[in-house]
Each structure stands twice: as C-alpha cells, then as structure tokens.
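Please read each numbered point with the model in view.

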Amino acid sequence: MIQFIYLFIMDVVKQKQASDNSVKRIAIAFIILLALLLVYLVKQSVNQVTLNKKDLVIAQVNQGDLRVSVDGYGKLVSHKQELITALTRATVKEIVLKPGAVVTQGSLIVKLENPELVYQLSSAQQQLNSLQANSRQLALNQQREVISENARIAEYAAMLEAASLKREAEEKLFKQGIVSGLKFRESQLNEKQLKTRISLAKQSLSHLQKVHQEALLIEKERINQQLNTVKNAQDRLNALDVIAKFDGILQRLPVNLGQSINPGQEIALIGSTSDLIAEIQVPQSQANAIQIGQEVEVNTRQSIVLGKVSRIDPIVRDNAVMIDVTFTQTLDSHMRPEQNVDAEIITDVLTNVAYIERPANIQAKNQQAMYRLDQDQNKATRVDIIFGQKTSRYVAITHGAAPGESFILTDLTNYQTPEIALN
C-alpha cells in the first residue's frame, strides 16, 4: 500500500511541476496521509497481539477451603545434645571416630594423653596409703592405752576388794576391843580412797575413749579428703578417653591428631538421632502471623513430616526470624541432624473462598490486571482482579473472577491491549 501511495504522489508531482503552490499542497497532503497510515498500522499491530497457548501458563479458579501459610527453610537439629570439653591440658593421641559416625553409650571417640596426670594420681594414692597406715597405727595405740587404763582400774578394784575385806575384819575386832579405833579408821579411809581412785580412773577411761573417737574421726576426714583427691585425679585421667554418654551421632570433632588441648576446649559434639527438632527461618515480614502451637509441614525432600511451632526466637537476624518445630509424629529413619529441610507453617484456613494458583508478581490484598480466557479459549480479555491472602502456591480472589474461569498466569505486563488472540 505504501508503494502505491508513493507512485500516486510521484505521478501527481510530475503533472504539477509547473505550479509551486500545487507542489506544497501535495507535500502537505502526503505528510498527513503518511501519518494516518502509520497510526493505522500501529493500532493494527497493538490490537492484533497473538500468542501461542503452549507458551503460556493457564490456571482455573477454584472454590473451597484455602490454607494460608508461611514458607521457611532450615535444618534438623538434635533436641538432646552433649558438648564434650577437655577437663585438663592434654594432647590428642588417637582419633577413633570421625564426624557423622553413629555412637552408642560408652563409645570411645578420642584418646588423649597427659603424663602429668599419671604422676598426680600416683602421688595422691601414696598419700592416701600413708594416711590409712597412720590411721591403723593410731587405732593400735588407742587400743593399747585403753587396755592400760583398764588394767589400772582392775588393779584398783583388786586393792579395793582387799581393803574392804580388811575393813570388815577390823570392824569386828574393833567392836571386841581388840583393834584400836585409829587402825580401824585407817582401813575405812583406805577403802574410801580406792573407791575414789576407781571412779576417777573410769572417768579418765571414758574421756580417753572420747578423745580416741574424735581423733579417729579427724583421721577419717583426712582420709576421705585424700580419697576425693585420688578420685578427682582418676576422673581426670579417665577423661582422657573421650566417650559418648548416650546413643546418637557425632556431629562435630574439631581436633586433629597431635593437637594440644587446653582445659575447657571443645573436643566433640554429640546429638541424638531419634529426638530431633527443626530450626526454621522465616521472613521477618511474615513472622507476625506465626504463633506457638500452629501446625507445620516439614519437607525432608523424601517425605512430609507433621509438627507444631514450639518456640519463636524474639531476635531478628538478617531480616529473618528463627522458629523451632517439634514433631508430632514418628520420624522417618532417613532423618538426620544437620539435614536441610523446607517448612510450611499453617497460619490460617480460609473457608469456601475462590482461589487460583499464584501468578507471577502478584501482591496479596491488592488489585492487578489479568487476562481471562473466553469459553472457546481462543481469546483473552484484560480484567481487573482484587486479590486476598496468598499462600506459597495459591492466592485468594475477593472480586473480579468466578469459579471455573481460566486465567493466564504468565507475566504479560508488557502487553497493554484489551484483548489477546490465542492459537
């Protein structure tokens, strides 16, 4: 058509070359005609956009209950963990197990060595033996003193018995006038003195036994203190063999063969394999919708395991909030600590709503234009849709679409035409 117009104008120009005014009018007419032609061609190109349905993502509006959820990602961690640290300075002598190994209670993980601990245990044991020997010697000495004191009491008792017999005999003679009163009173006095000596000796023996008992208690306390010293030295020596205290998996082993270990330094981290929780990070912008006790679906890449929110970290890190998920069903055998997982936290359930698969670049609770297909699906008309809440896969529709209608989900923001032809 352009070529035809061009030939027509050129023919007119040749016929009117003699007239300058005619040339100007023809030029203006040509410009106007060309502008109209360009507008027509642009309009035709805009209004006649044709797309191939095979290149588009098309979805249908559904009606029913819609779960509102927040997506997150994280990893499985052991709910029960044991951090093993060094009790004393030592050197790594042997590494028996490596990270990832399954351990049982009593499994040997690492062997350490420290010759000084052997010397300390030997010295403490020698001191304990010396104290125990002193205690036995003390008991023998006390026994000897008690025997000696009992012998003295027995001697006084014999003397008292003799004095009593003598006093009884002299008493009869005194009454007959054969023995003088002075001698009789001397016998009485001697008997009385012996009784006093026996009483004092018994008191002395009782006091001596109390002193002996207290001395034995003091010696026993010294022995107990030394026993604790020996036990502590033995425990430090035994701790050179790093063992697991429960069944689980060796998660970390930050030591190397021959490395020097300082007191308090980490040697190994053991975590349970049967008692696991999930630590999930969720966007800070969506964390306000999460509450304790909400249901969670944890995707381990091999299965979906149900759980519930048990803790929400109050601190925001890197625009994310950490939540803990406790599982409410039996865990699969393939689940291990430090395993990466995805999670979907169910924050709400919308009942009997219209919804569609979430299109690209759709904002929740916002209005946006989409292309709705006709019944024959040969044409798509641009309409405004008001969206409600969205999930990881779907978005609710509050106005502008009815169940059963089909829409193009592919991003067509570059097209502003009211209609699109489909083939």
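1. The second largest pocket holds about 250 Å³ of space. A pocket is found on a 1 Å grid over the protein atoms alone, as an open set of points where a 1.4 Å probe fits, with protein on both sides within 12 Å along at least five of seven lines; lining residues have an atom within 4 Å of a point. A volume is the space filled by probe spheres set on the points, which are joined across faces, edges and corners.

2. This is a predicted model, in which local features need pLDDT of at least 70 and side-chain atom pairs count only at pLDDT 80 or more, while totals for chains, interfaces and linings use all residues. Residues are numbered from 1 along each chain as its sequence is written, and side-chain values use heavy atoms, with hydrogens and water left out.

3. The lining comprises eight nonpolar, two polar and three charged residues. Here Ala, Val, Leu, Ile, Met, Phe, Trp, Tyr, Cys and Pro count as nonpolar, Asp, Glu, Lys and Arg as charged, and the others, Gly among them, as polar.

4. The largest pocket has a volume of about 310 Å³. Of the 16 residues that line it, Val68, Ser69, Val70, Gln286 and Lys390 lie nearest its centre. Strand S3 (62–78) gives the most to this lining, with four residues.

5. Strand S8 also belongs to an open sheet of four strands, ordered S8-S7-S5-S10 with antiparallel pairing. Its edge strands, S8 (241–243) and S10 (260–261), each pair on one side only. Strands S5 (residues 90–95) and S10 are joined antiparallel over two bridges; two strands pair if DSSP finds at least two bridges between them. Within this pair, Ala90 stands opposite Ile261.

6. Is Arg167 buried or exposed? Arg167 is buried, because its relative accessible area is 18%, and buried means under 20% (exposed over 50%, partly exposed in between; 1.4 Å probe, protein chains only). This residue is found in helix H3 (residues 115–176).
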